[in-house]
Amino acid sequence: MRDLKLPAALAACLLAGLLARPVLAADAAVMLEEMTSTELRSRIDAGATTAIIPIGGTEQSGPYIALGKHNVRATVLARMIAQKLGNAVVAPVVAYVPEGSITPPAGHMKFAGTLSIPEATFEELLVATAQSLRQHGFRRIVFIGDHGGYQKSETRVAQKLNKAWAKDGDAAALALLAYYDVTQEPFIADLEKRGYSKAEIGLHAGLADAALMLATDKSLVRTEALAKGPSPTAAQGVRGDARRATAELGKLGVQRIVDASVAAISDFAAHGAPSTSSKASK
C-alpha cells in the first residue's frame, strides 16, 4: 500500500502545479470584445500583457470588394497573430482613418462609402486607445495597419507614447510596419514567380488585394460578378486586375503577414521597439 501512495501524492502535486500555471495556450481567448471584464483581467494576470490594436479603414475597393475590406482583414489577421503568440489580446479594430480631403473630395473620398477623419484626430484616437490598454495592465502595445496611407501616423504615435512612458519604463509601443511591408514586396514577388504581372497584381483592389480578402473572408468579395464581369478601371477606383485571384494565392500573403508579425512582436518583447521604415504605397 505504501508503494501506491507515493505515485498518488506525486500525481497530486503535479496536477496542482499544472493548475497553478498561467494558461497562455494558442486556443485561449484573444479578442477583447468577446470577453467579460473579469475574463480579461484573468488573462492579463496570467501573463497576456501584449495588446494588438488592428487598424483598418472604411474605403472603396471598386465594384467587387466590400467597403469593410481593411477592417475585416486586419481583425482576422490580428486574431491569427495573437493566437500564434499565445500571450496577446486583440483590441477592437479602428475603422475610422484618414482617407483624404472630404470637401472637395480627394482620393478614395470620390467614391461612395469611404469615410475619412483628420490625421490629427486619428493619431489622438490611437494614443487614447493605447493609454487605456496600458491603464489596464498591458505592457506591450502593438499597432498593425492594413492600409498604407497611415503607416507614418502609426510610427509617430508609437514614438510619442514611448517618449511619454520612458520615465516609468513599464510599457512600450510598437508600430508594426512589417505587417504591411511584407505585402508590398515578398508577397508580390511570390505572385510574380507564379506568372502574374505587376499590372495584374496591382496596387489597390487588384489581384493581390482580392486574394488576401478571399483568404481571410471570401464573403466580402463578389466572386460571381468578378468571374463574369470586365476588369475595373482606375476611374472605378481600381488599380490592378483581380479576376484571377484565389484564396490559395491569398494564403501565401497571409502566412507571410502572420510569420513576420509574430517574429517582430516577439523581438519587440525581448529587445524593445526597433527602428523601421514602411513603403509609401497604398
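The questions and answers below go through the fold of this predicted model, from the whole chain down to single residues.

Residues are numbered from 1 along each chain as its sequence is written, and side-chain values use heavy atoms, with hydrogens and water left out. Local features need pLDDT of at least 70 and side-chain atom pairs count only at pLDDT 80 or more, while totals for chains, interfaces and linings use all residues.

Q: How many helices and strands does the secondary structure of the chain come to?
A: Helices (H or I, at least four residues) and strands (E, at least two) are DSSP runs, numbered from the N terminus. Counted in this way, the secondary structure of the chain comes to 11 helices and 4 strands.

Q: What percentage of the residues in the chain is buried?
A: A residue is called buried under 20% relative accessible area, exposed over 50%, and partly exposed in between, with a 1.4 Å probe and protein chains only. Of the 282 residues in the chain, the buried share is 45%.

Q: In what order do the strands of the open sheet lie?
A: Two strands pair if DSSP finds at least two bridges between them. In general, strands of a sheet pair through backbone hydrogen bonds, either parallel or antiparallel. Here the open sheet has 4 strands with parallel pairing, and their order is β2-β1-β3-β4.

Q: Which strands are the edge strands?
A: An edge strand in this sheet pairs on one side only. From one strand to the next, the twist averages 20 degrees. The strands at the edges are β2 and β4 (172-175).

Q: How many bridges join β1 to β3?
A: Strand β1 (residues 50-55) is joined to β2 by 3 bridges, and these two strands run parallel; T50 stands opposite A88 in β2, and the bridge partner of A51 is V89. Towards β3, which also runs parallel to β1, I55 stands opposite G145. The number of bridges joining β1 to β3 is 6.

Q: How many of the residues of β1 are buried?
A: Both faces of β1 are covered, with T50, I52 and P54 buried on one side and A51, I53 and I55 buried on the other. The strand is thus mostly covered, and the number of its buried residues is 6 of 6.

Q: What angle does the direction of helix α4 make with that of β1?
A: Axes are lines fitted to C-alpha atoms, for helices over the stretch in contact, and angles run from 0 to 180 degrees between N-to-C directions. Helix α4 (residues 119-135) packs on the sheet and touches β1 and β3. The angle between the direction of α4 and that of β1 is about 155 degrees.

Q: How many residues does the largest nonpolar core have?
A: A nonpolar core is a set of buried Ala, Val, Leu, Ile, Met, Phe, Trp, Tyr and Cys residues joined through side-chain atoms within 4.5 Å. Among the residues with the most contacts inside the largest core are I52, I144 and Y179. A second, separate core of 29 residues includes I44, I55, Y150 and A175. The largest core has 47 residues.

Q: Why does H147 count as buried?
A: H147 lies in the loop between β3 and α5, and its C-alpha atom is 9.7 Å from that of N71, although the two are 76 residues apart in sequence. H147 counts as buried because its relative accessible area is 2%.

Q: What is the phi of A205?
A: Most residues other than glycine have a negative phi, and most peptide bonds are trans. A205 lies in the loop between α8 and α9 and counts as buried at 5% relative accessibility. Although A205 is not a glycine, its phi is positive, at about 65 degrees.

Q: Which residues does a cis peptide bond join?
A: One of the two residues lies in the loop between β2 and α4. The omega of this bond is about -5 degrees, and the residues joined are T103 and P104.

Definitions and conventions:
Contact means heavy atoms within 4.5 Å.
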